[in-house]
Amino acid sequence: MLANAWVIPLLPLAAFVLLLAGGRRWKEGVAAWVGSIAVLAACVWSLGVLAVVPGGTGRKMEIPWLSLGDTVITMGMEVNRLNALMLLIVSLVSFLVHVYSRGYMRGDERFSVFYAYLALFTFSMLGLVISPNLLQFYIFWELVGVCSFLLIGYWYYKPEAKAAAKKAFILTRIGDVGLFIAVILAFWHTGTLEISGVIQAVQDGKVEAGIVTLIALLIFAGAVGKSGQFPLHTWLPDAMEGPTPVSALIHAATMVAAGVYLVARTFPLFEASPVAMDTVAYVGAFTALFAASIGLVQNDIKRVLAYSTVSQLGYMMLALGSAGYTAGVFHLMTHAFFKALLFLGAGAVIVALHHEQDIRRMGGLWNRHKGAGVLFLIGCLAISGIPPFSGFFSKEEVLLSAWQDGRWGVFAVGVLASFFTAFYMFRLFFLVFAGEYRGKGQPGPVSSGMMWPMGVLAALALLAGFAEFPGGWLSHWLTEETGIPAGHGSAPVWLPLLTVSIAAAGIALAWGMYVKQSVSPEQWRARAPWGYRVLLHKYYVDEGYAAVIALPYKGLSIFLRGFDRYVVEGLVRLATAAVQTAARVSTRLQNGQVQTYALISVIGLVLLMIGLAAGRLF
Amino acid sequence: MEMLPSWITWAPLLGVLVLLWIPRERTAAIRWVGVLATLPSLVLSLLLYVSFDTGKDGVQFAHSLHWFYLPVLGEKWDFQYSMGVDGLSMPLVAITGVIVTLAALASLYIRQRQKGYFLLFLLLEVGMMGVFLARNLFLFFLFFEITLVAAFFLIGIWGYVNREKTAIQFLLYNGLGSACMLLAFMGLLILFRSLELSRLHEVMHHSGALAQLSQSGGDTLLWGIFIALVIAFGIKLPIFPFHTWMLRVHAEAPPAVVMIHSGVLLKMGAYGLIRFGVELFPVQTQAAAGVLAWLGLVNILYGAVLAFSQRDLKRVLAYSSVSHMGIILLGIASLNVYGLQGAVFQSVSHGFISALLFYFIAALYERTGTTQIDQLGGLAKQMPVLSGIFLAGGMALLGLPGMSGFVSEFLAFLGLFETRPWVAATGTLGLILAAVYTLRAVMQTTFGPLHAGRERVKDSRWTEAVPMLVLLFFIVLIGVYPDVIGKPMQLTLQTIISRMGG
């Protein structure tokens, strides 16, 4: 089971090939089954791997891929406990999303293409997770990026989807180039591409401190792009143009967490560099608060969730930067469950409301869709950090690691962001499920095939916290024989009290505003109209990029177009004029006799040869 | 078996002979003969690939015949007809075989004077194969000129509106290049009294002989020859600012010819730079590496920025070729096995990718009568398969891992980062810019709402889809398992580099 774990990613790849070959000839049911079964098999296999994987460096398998002089670059797999956990998370969420999509995508004319893309994504993500070396990691890193691009732009005829897909690709690629350089630098300074080898070299002190910092920061640049951290975050909310199951799988649970996973996977590099740790912690904390504040005022159900994802990813980075390795991974896991649940819940709402996404035109769904309401509520409670839901435990560990690392500022920012989180999540919940229905027409039904995957995720969102509490079982399991510190001991008593009361305050404020209506949001808005506008426009980051980068670049390109045409080609024309006599051949070109041309070319060759000989005979 | 290189080179002439007997009115027969006539070379070059011994250094399948003597000042200078293949030419011969056959299929779009077209087309193949397989500089020069003449007519007669101007410019520029090459070869002949590559290697890599030469003031002459060669092949590649001629060729030549032009002919520039620059002049290359690296950087960025604002798809691809050829220069300038291997990989990879994209262009033009980006849009609705292929080709162009372009870019940058990290780091900007211009081009044509008046555009026929899928297959094959072309070039490139170290 463990030795052949490399088969796991190949299962969805096989499904991808089948789906591509089957194409539109297949009925929806067949396509959905092919995809789902392959991913289910991968999921079961991953579960088996998880049960037997040993601690420490784990199991490796490699085959030669490219010989370069004396160096041989390999491809293969490495399964350690972190990888095994990721394998299970990815394949499980992917399987649930596969099942769910059958209902959500019903009637779409490119149904099998959708499943093909989903399968390709799952293959790439699983391949990424088990990569033993940085180059393979980078290869799959780009592949998940392209799958994300394809799925964001799945409804290719919509101009918004087209723009969002393009933006996602380009912004993440900016980060990717950082990772690209990091891979190359790591090779030149450690002599290997193996992740374990690079880490070993750094731990042995074979690499200069400055270079370690540089490599770590460049790796982090890749993570910033992929995980939607500031300042490359703007693509992630726009990515909501993709179908909702995609948002759940790629843009909430798995791919966007790949950045966090990358930092975790190469964690010893970061540990070796205080500057890199500071950067990770500060960027994470800033993003957590920044995105949460935007989430406060958004009106699109999926965008609120998207900003919340950005913010939660910030939490994970914050934890890693504060030396909270297990806290970061733990939060990654719980977040994968509850955020996938929230997105699937949002998808159910969207389907029920005939593809309405504006929460101002929702409301009162609790009575009509109690099942979806309960599940969504579980997700909201989990993300807000209310015990005993999983988010409570993981968020507390995140904050605890910041506290114990002596990062008071980061800690304070994290606490404030968790207040925002609770507020915007329950603002969303109340606006969608409480009060009166404010939309047009009647809400429709949601199929059971969409409901039960949500049920599974809800159970996980409820229970996943107990992998760690009480006793810290998960941290011990993850860090056994890795040399990374397991955790921070027990939390001070006031910490859970603080986090729970902060969350409760956020929920209470949302309740006051949107259910009891004793606090008027309009009044708050009126008090700082400027602030509200800034938040609504997401701090004008997009506009800033357009003005500072996109426009000047376009200008440069157009300027150079003129330069190329008039200056560079002008020089050519000068030369052409000088050899005008040669141009007269062109008149003879038009007489249409191929034989003549052949003759000319033969004569030309003969002349050349004569010239050649004559030149030598001087 | 030993004669394989000669068979590969001259096999298309068989087709020429058959074509001469077919009356020009029988266009269907001419087309089929034209396509079939490329097959012997293809099959033989694949045979060559299979029987090439990757564990052996040096030239394989070498054979030479005495050709003629040139009496000079009482001496008799010997000219040989020598052919052979080594790790550097092997991959290029293989892709030439593949691309020529597929371009012949793409030539089915040619509607007039097919007989003349295919005659020249096959002649062009002779020239290209000969260029890569010749082991004598005089022979090389002849083959090189054959490609020039054949391409000149193919562009000038079967191109688009401005074909004649383009053909003239093509000939002028390349003629200039040839003149430089001729001067350089003459210089070598005078210095060493031979144009046999093996003989030249002996002298150039023999430190004693070189020392003797530099004492007698031959150093300057060697430098002159080196620079002339760099200019000759730099024009072909092309290196900025010598690129304008190839933009025109991309835009005006018939797409099937552009497949060959961009896929193979430009690679003759890369081949020449490595074969005659790096291999023959290790000392000079080492000294000039800085300049080459900067030129490569300029190519990458200049091409990428300009590709972004072009209105014609063909011009986008032309400028992207400028950008991608810069990567070849970076690879060469890195002076190590990684970079050099990257340069050869890039030659092969870009050959397949641009052949694929211009096949698509041919199919697109056939349907819409235009390649102007603002007159297209949303085509994925009407032609999902073709659009999918275009998207895949675009992904290959921007260097998506799993496809050939990534391997070459990675290797070139890996190489250059060892010697010139700052130039290399600046060059990686090109990776982002490539995504920017490629996505713009691909998405403006195939994504978004369908452009008005394109409601009746049809998707691909299988005769079009299959050749494109074959190209895509090779692109993915190299991307997934690069050793497939990496293995044969190993030892040759290592030897070339080791000479530089000494």
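Accessible areas here come from the Shrake-Rupley method with a 1.4 Å probe, and for residues only the protein chains shown count as cover. This is a predicted model, where local features need pLDDT of at least 70, side-chain atom pairs count only at pLDDT 80 or more, and totals for chains, interfaces and linings use all residues. Side-chain values use heavy atoms, without hydrogens and water.

**Exercise 1.** Work out how much surface chain A shows and how much of the chain is buried.

*Solution.* Start with the surface: chain A has an accessible area of about 22,700 Å².

**Exercise 2.** Check the radius of gyration of chain A against the globule rule.

*Solution.* Take the rule, 2.2 Å times the number of residues to the power 0.38, with the radius taken over C-alpha atoms. For 618 residues a compact globule would come out near 25 Å; chain A has 28 Å, which agrees. For the outline, its C-alpha atoms fill a box of roughly 100 × 65 × 50 Å along the principal axes.

**Exercise 3.** Find what A:Leu128 touches.

*Solution.* First place the residue: A:Leu128 is among those with the most contacts inside the largest nonpolar core, which has 430 residues. Such a core is a set of buried Ala, Val, Leu, Ile, Met, Phe, Trp, Tyr and Cys residues joined through side-chain atoms within 4.5 Å. Then skip neighbours within four places in sequence: the contacts (heavy atoms within 4.5 Å) of A:Leu128 include A:Phe137, A:Trp141 and A:Tyr261.

Note on methods. Residues are numbered from 1 along each chain as its sequence is written. Chains are lettered from A and ligands numbered from 1 in the order in which they are written. Buried means under 20% relative accessible area, exposed over 50%, partly exposed in between (1.4 Å probe, protein chains only).
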